[in-house]
Amino acid sequence: MPLVKPTVGQTAWGTSLNTALDYLDTKVGPWVAVPATATSTGVAGQVAYASGFLYVCVATNTWRRTALTSW
């Protein structure tokens, strides 16, 4: 499901975080379980989401995460 571009007065794309994650699922992936540590098993390109963090495997067994915040 594609995200809807905001119109005047709207402050965010789409209607919910799930909409955004559904959209990303068609563009990146595969989605996997959240890694326990920055060196958990993973393959470059895998992504995960939980508790306000987006995790990306950037190289074999090398994870990075970023907090999802408003701006």
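1. Two strands are taken to pair if DSSP finds at least two bridges between them. Under that rule, A50 has F53 of β2 as its bridge partner. Helices (H or I, at least four residues) and strands (E, at least two) are DSSP runs, numbered from the N terminus.

2. The model is a predicted one, in which local features need pLDDT of at least 70 and side-chain atom pairs count only at pLDDT 80 or more, while totals for chains, interfaces and linings use all residues. Residues are numbered from 1 along each chain as its sequence is written, and side-chain values use heavy atoms, with hydrogens and water left out.

3. Overall composition. Of the 71 residues in the chain, 15% are buried; here buried means under 20% relative accessible area, exposed means over 50%, and partly exposed lies in between (1.4 Å probe, protein chains only). The accessible surface of the chain is about 5200 Å², and carbon and sulfur atoms account for 60% of that surface. Such areas come from the Shrake-Rupley method with a 1.4 Å probe; for residues, only the protein chains shown count as cover.

4. Contacts along the chain. A contact means heavy atoms within 4.5 Å. Taking contacts between residues at least 6 apart in sequence, 8% join residues at least 24 apart.

5. The β1-β2 hairpin. Strand β1 covers residues 47-50 and strand β2 covers residues 53-59; the two pair in the antiparallel sense over four bridges. Within this pairing, V47 has V56 of β2 as its bridge partner. Two residues separate the strands of this hairpin. S51 counts as exposed because its relative accessible area is 69%.

6. The β2-β3 hairpin. β2 and β3 run antiparallel and are joined by six bridges. They too form a hairpin with two residues between them. N61 lies in the loop between β2 and β3, the latter spanning 62-67. The phi of N61 is near 55 degrees, again a positive value in a residue other than glycine. N61 counts as partly exposed because its relative accessibility is 31%.

7. Surroundings of F53. In β3, the bridge partner of F53 is A67. A search of the whole structure finds one aromatic pair. That pair consists of F53 and Y55, and its geometry is tilted, with 6.3 Å centre to centre and 50 degrees between the planes. For this assignment, rings of Phe, Tyr and Trp (its six-membered ring) pair if their centres lie within 6.5 Å; planes under 30 degrees apart count as stacked, over 60 as edge-to-face and the rest as tilted. The two members fall into separate accessibility classes: F53 is partly exposed because its relative accessibility is 25%, and Y55 is buried because its relative accessible area is 11%.

8. A charge over the ring. The charged end of R65 sits over the ring of F53, at 3.9 Å from the ring centre. The criterion requires NZ of Lys or CZ of Arg to be within 6 Å of the ring centre and within 35 degrees of the ring normal.

9. A67 is in strand β3 and is partly exposed, with a relative accessible area of 40%. Leaving aside neighbours within four places in sequence, A67 is in contact with G52 and F53. The C-alpha atoms of A67 and S51 are separated by 8.9 Å, although the two residues are 16 apart along the chain.

10. Q46 is placed in the loop between α1 (17-27) and β1. Q46 counts as buried because its relative accessible area is 16%. The side chain of Q46 reaches the backbone nitrogen of V43 at 2.8 Å. A polar contact is a pair of N or O atoms within 3.5 Å; within protein, one must be able to donate a hydrogen and the other to accept it, and residues adjacent in sequence count only if both atoms are side-chain atoms.
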